[in-house]
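Here is a short briefing on one protein chain. Look at the sequence and the model first, then read the notes.

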Amino acid sequence: MAAAIKRIIPMLDRILVQRAEALTKTKGGIVLPEKSVGKVLEGTVIAVGPGTRNVTTGSHIPIGVKEGDRVLLPEFGGTKVQLDSDDKKEMFLFRESDILAKLE
C-alpha cells in the first residue's frame with residue numbers, strides 16, 4: 001500500500017486525504033447498522049501537491065496543510081481514488097479551497 005501511495009503525487013493545489021472510518025460499535029458494545037452510521041467528515045492528509053502558481057511570478061504558492069495533518073472535510077465533494085482492488089480505505093483528492101479546517 002505504501003508503494004501505491006508514493007506513486008500518487010497530487011498536482012498543483014490538490015490534497016490526497018484518507019477519510020477516517022466511521023464507528024460501527026457504541027461504547028456499550030451495541031453494533032450499529034450501516035444506515036444509522038453517519039458520514040465521517042474527518043480525514044488525514046496523505047500527500048500534498050506543490051501549490052497553485054502565482055500568475056505574475058510563476059512561483060508556487062505553498063499549501064497550508066502538510067502530510068499527517070488531520071483535516072475537516074465537506075460532506076460532499078472530492079474525487080474518490082482507489083489504489084488497490086482489495087483495499088477498503090477511502091482516499092479522496094480535494095482542492096485546498098475545499099478543505100474546511102485543520103484539526104489540532
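Two strands pair if DSSP finds at least two bridges between them. Helices (H or I, at least four residues) and strands (E, at least two) are DSSP runs, numbered from the N terminus. Val81 stands opposite Met91 in strand 7. This is a predicted model: local features need pLDDT of at least 70, side-chain atom pairs count only at pLDDT 80 or more, and totals for chains, interfaces and linings use all residues. Residues are numbered from 1 along each chain as its sequence is written, and side-chain values use heavy atoms, with hydrogens and water left out.

**Confidence and overall make-up**

- The mean pLDDT (the predictor's confidence in each residue, from 0 to 100) of the protein chain is 82.
- In the protein chain, 87% of residues reach 70 or more.
- Confidence is lowest in helix 1 (residues 2-7), at a mean of 58.
- Confidence is highest in strand 5, at 93.
- Along the sequence, their pattern reads α-β-β-β-β-β-β-β-β.
- The protein chain has 104 residues, and 28% of them count as buried.
- Buried means under 20% relative accessible area, exposed means over 50%, and partly exposed lies in between (1.4 Å probe, protein chains only).

**The sheet**

- Six strands make up an open sheet, in the order 6-7-1-2-5-8.
- The pairing in this sheet is antiparallel.
- Strand 6 (79-81) and strand 8 (101-103) are the edge strands, and each pairs on one side only.
- On average, neighbouring strands of this sheet are turned by 45° against each other, direction ignored.
- For such angles, axes are lines fitted to C-alpha atoms, for helices over the stretch in contact, and angles run from 0 to 180 degrees between N-to-C directions.
- Strands of a sheet pair through backbone hydrogen bonds, either parallel or antiparallel.

**Strand 7 and its partners**

- Strand 7 covers residues 91-95, and three bridges join strand 6 to it.
- Strands 6 and 7 run antiparallel.
- Lys80 stands opposite Phe92 of strand 7.
- Strand 1 (residues 14-19) is joined to strand 7 by five bridges, and the two run antiparallel.
- Gln18 has Met91 in strand 7 as its bridge partner. Met91 also stands opposite Val81.
- Phe94 belongs to strand 7. Phe94 counts as buried because its relative accessibility is 1%.
- Between Phe94 and Asp13 there are 81 residues in sequence, yet 8.4 Å in space, C-alpha to C-alpha.

**Salt bridges**

- The structure holds five salt bridges. A salt bridge is a side-chain nitrogen of Lys or Arg within 4 Å of a carboxyl oxygen of Asp or Glu.
- One of them links the side chains of Glu42 and Arg70 (2.9 Å, N to O).
- Glu42 lies in strand 2 (residues 42-48) and Arg70 in strand 5, so this pair ties together parts that are 28 residues apart in sequence.
- Both ends are partly exposed: Glu42 at 27% relative accessibility, Arg70 at 36%.
- Asp13 and Arg14 also meet through their side chains in a salt bridge (3.8 Å, N to O).
- Asp13 is buried at 9% relative accessibility, whereas Arg14 is partly exposed at 29%.
- A further salt bridge joins the side chains of Asp69 and Lys66 (3.3 Å, N to O).
- Asp69 is buried, at 10% relative accessible area, whereas Lys66 is exposed, at 52%.
- Asp13, Arg14 and Arg95 form one network, joined by salt bridges that share partners.

**Nonpolar surface patch**

- Leu41, Leu72 and Leu100 make a nonpolar surface patch of about 240 Å².
- Patches are made of residues with over 30% relative accessible area and no salt bridge; like charges are joined within 9 Å, nonpolar side chains (Val, Leu, Ile, Met, Phe, Trp, Tyr) within 5 Å.
- Accessible areas come from the Shrake-Rupley method with a 1.4 Å probe; for residues, only the protein chains shown count as cover.
- Leu72 sits in strand 5 (residues 70-72).
- Leu72 is partly exposed, with a relative accessible area of 30%.
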